[in-house]
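Subject: Structure handover

Hello,

Here is the structure I said I would pass on. Please open it next to this message and follow along.

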Amino acid sequence: MPLVGCDALDGALGCDLGLCPLTNTMPVLRHGLHRAPGERRFLMAWVSVPGLDVEPSRQTYTHLGPRRVRYASGDFRSDLTFDEDGCVVDHPRLARRLAPR
């Protein structure tokens, strides 16, 4: 598994596992962005799937309204929906939480 030099990840506050909306929860909860206005920029250690390569990823999370947050990294953007607890409910084109039966 290729791993970038540790210096490239200095200041990374967390990880972002590719294709996993759960990891979007961490920075949103840390700063309450699903509840309160604001925009935060982060350096994350991004782990590709299935290759498991690790590389730095600049990411921006912007509060759009109650339980709505825009995630942006490079040219990619997605408007995420969260529940009251800050867990991702809908990550368009990737995942959506199913209602219990």
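Below are my notes on the sheet, the helix, the core and the aromatic rings. Please keep in mind that this is a predicted model.

Seven strands form an open sheet in the order 1-2-3-4-5-6-7, and their pairing is mixed. Strand 1 and strand 7 (95-96) are the edge strands, each pairing on one side only. Further in, strand 4 and strand 5 run antiparallel and are joined by six bridges. To find one example on screen, look for V69, whose bridge partner in strand 5 is L80.

Helix 1 packs on this sheet, where it touches strand 1, strand 2, strand 3, strand 4, strand 5 and strand 6. The direction of helix 1 makes about 150° with that of strand 2.

Which residues of helix 1 (residues 22-31) are buried? They are T23, N24, T25, P27 and V28. The cover over these buried residues includes strand 1 (14-17), strand 2 (39-47), strand 3 (54-65), strand 4 (68-73), strand 5 (76-82) and strand 6 (88-91). Just after helix 1 comes G32, which takes a positive phi of about 60°.

In soluble globular proteins, nonpolar side chains tend to be buried together. In this model, the largest nonpolar core has 10 residues: V28, L33, F42, M44, Y61, V69, Y71, L80, F82 and V88. Strand 2, strand 4 and strand 5 each supply at least two residues of this core. Leaving aside neighbours within four places in sequence, L33 is in contact with V28, G38, E39, R40, Y61, H63, R68 and V69.

Last, the aromatic rings. How many aromatic pairs does the structure hold? There are three. One to look at is Y61 with Y71: the ring centres are 5.3 Å apart and the planes are at 55°. Why is this pair called tilted? Planes under 30 degrees apart count as stacked and those over 60 as edge-to-face, with the rest as tilted, so an angle of 55° makes the pair of Y61 and Y71 tilted. Y61 lies in strand 3 and Y71 in strand 4, so the pair ties together parts that are 10 residues apart in sequence. Both Y61 and Y71 are buried. Y61 and Y71 also belong to one aromatic cluster, formed by F42, Y61, Y71 and F76.

That is what I have for now.

Regards

Note on methods: Residues are numbered from 1 along each chain as its sequence is written. This is a predicted model: local features need pLDDT of at least 70, side-chain atom pairs count only at pLDDT 80 or more; totals for chains, interfaces and linings use all residues. Side-chain values use heavy atoms; hydrogens and water are left out. Buried means under 20% relative accessible area, exposed over 50%, partly exposed in between (1.4 Å probe, protein chains only). Helices (H or I, at least four residues) and strands (E, at least two) are DSSP runs, numbered from the N terminus. Contact means heavy atoms within 4.5 Å. Two strands pair if DSSP finds at least two bridges between them. Axes are lines fitted to C-alpha atoms, for helices over the stretch in contact, and angles run from 0 to 180 degrees between N-to-C directions. A nonpolar core is a set of buried Ala, Val, Leu, Ile, Met, Phe, Trp, Tyr and Cys residues joined through side-chain atoms within 4.5 Å. Rings of Phe, Tyr and Trp (its six-membered ring) pair if their centres lie within 6.5 Å; planes under 30 degrees apart count as stacked, over 60 as edge-to-face and the rest as tilted.
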